[in-house]
Amino acid sequence: MKHALIFVGSFLVFQALSAILVKFAILPFYTGANYDTVVLHTVLSTILYSIITLVTFIGLKWCPVSDNYISSKPISVLGVVSLLSLALIIPSTWTLELLPDKWTKDLLAETFDKLLKSPEGYIVIGIAAPLVEEVVFRGAILRALLEWMKNSFGEFTNKKAWIAIAISALFFSAIHMNPAQIPHAFLGGLLLGWLYYRTGSIIPGFIFHWINNSTAFLLVWIFPDVKTDAKLIEYFGGNEMALIVSVGISTIIAIPCIMQLNRIMKRT
């Protein structure tokens, strides 16, 4: 647990220091330039902390890197993971929208709106977030928690593995510090943690994470007239039946995907 807390703390410190450095040492050079300050600050600070985080976590072997998983040619696993990521978008969004609005208030709505409508925003949402978060929260934090469970509580079981996965998911959801993201991040953290536990690699989780985030970015460009914080029903033109059918079809696709992954992923 100590190592997991160190990893979480390091990640947050890198984010904070990068944001401060960009604000006071880099942004002043762009005074008067034709850039949106929020987008520019977010993109530059994200690039900076991503580089620092990846160099630190990989260089210190907090997240060990090897080609073992790729060498096993996990084409079937990655294919099913890709399909599952797409299939879960509608059901998960619809389920979370059932929660009271006061529980899911979006404190970063304006920032996300600008990022999603800016090509540069894809660096933050589609590239940095999936890569860095999988390295930190699955490759380092969950790995450390699984080792902690193995070494501290006697015989290692699936139940103990799920305790480690749940703790990592709590960390993952908490660092978002935005009510609108926390429920989705926790549930996503459980699934991503399961993928890591069963494969011993961050690659399946990265693929899932990348497709999920990229789809959110793509939807804004396909539906430019729909607000970025719009309810799912608005993407269906207010047609509730079409929404329900889509939820049902997506769920029917997602469940066999999970069952197939459970069958073909080798437990590590």
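Y122 is partly exposed, with a relative accessible area of 22%; the term covers values between buried, under 20%, and exposed, over 50%, computed with a 1.4 Å probe on protein chains only. This is a predicted model, in which local features need pLDDT of at least 70 and side-chain atom pairs count only at pLDDT 80 or more, while totals for chains, interfaces and linings use all residues. Residues are numbered from 1 along each chain as its sequence is written, and side-chain values use heavy atoms, with hydrogens and water left out. The points below cover aromatic pairs, nonpolar cores, selected residues and cysteines.

**Aromatic rings**

- The structure holds nine aromatic pairs. Rings of Phe, Tyr and Trp (its six-membered ring) pair if their centres lie within 6.5 Å, and the planes are called stacked when under 30 degrees apart, edge-to-face when over 60, and tilted for the rest.
- One of the pairs is F57 with W62, whose ring centres are 4.9 Å apart and whose planes stand at 90 degrees, so the pair is edge-to-face. F57 is buried, with a relative accessible area of 0%.
- Y122 and F217 also form an edge-to-face pair, at 5.2 Å centre to centre and with 70 degrees between the planes. This pair links distant parts of the chain: Y122 belongs to helix α6 (residues 121-152) and F217 to helix α9 (residues 203-222), 95 residues apart. Helices here are DSSP runs (H or I, at least four residues), numbered from the N terminus.
- F217 counts as buried at 9% relative accessibility.
- F11, Y49, F137 and F172 are joined into a cluster by ring pairs.
- Over the ring of F172 sits the charged end of R138, 4.4 Å from the ring centre. For a charge to sit over a ring, NZ of Lys or CZ of Arg must be within 6 Å of the ring centre and within 35 degrees of the ring normal.

**Nonpolar cores**

- The largest nonpolar core has 49 residues, and those with the most contacts inside it are F57, F137, I141, L195 and L261. A nonpolar core is a set of buried Ala, Val, Leu, Ile, Met, Phe, Trp, Tyr and Cys residues joined through side-chain atoms within 4.5 Å.
- At least two residues of this core come from each of α1 (2-26), α2 (37-59), α4 (75-97), α6, α7 (158-174), α8 (182-199), α9 and α11. Helix α6 gives the most to this core, with eleven residues.
- In soluble globular proteins, nonpolar side chains tend to be buried together.
- L195 touches V81, G200, S201, P204, G205, F208, L261 and M265, not counting residues up to four places away in sequence. Contact means heavy atoms within 4.5 Å.
- A second, separate core of eight residues includes V43, I125, F217 and V220.

**L145 in helix α6**

- L145 lies in helix α6 and counts as buried at 0% relative accessibility.
- Neighbours within four places in sequence left aside, L145 is in contact with M1, A4, A164, I167 and S168.
- From L145 to R263 the separation is 118 residues in sequence and 24 Å in space, C-alpha to C-alpha.

- S10 is found in helix α1. S10 is buried, with a relative accessible area of 14%.
- Not counting residues up to four places away in sequence, S10 touches F57 and W62.
- S250 belongs to helix α11 (residues 240-264), and S246 lies in helix α11.
- S250 is buried at a relative accessible area of 11%; S246 is buried at 18%.
- A polar atom of the S250 side chain lies 2.8 Å from the backbone oxygen of S246.
- Residues up to four places away in sequence not counted, S250 touches A87, I90 and P91. With its neighbours within four places left aside, S246 is in contact with I90 and F236.
- S246 and F236 are ten residues apart in sequence, and their C-alpha atoms are 9.6 Å apart in space.

**Cysteines**

- How many disulfides does the structure hold? The structure holds zero disulfides, a disulfide being a pair of cysteine sulfur atoms within 2.5 Å.
- C63 counts as buried at 3% relative accessibility, and C257 counts as buried at 6%.

How values were computed. Polar contact = N/O pair within 3.5 Å; in protein donor to acceptor, adjacent residues only side chain to side chain.
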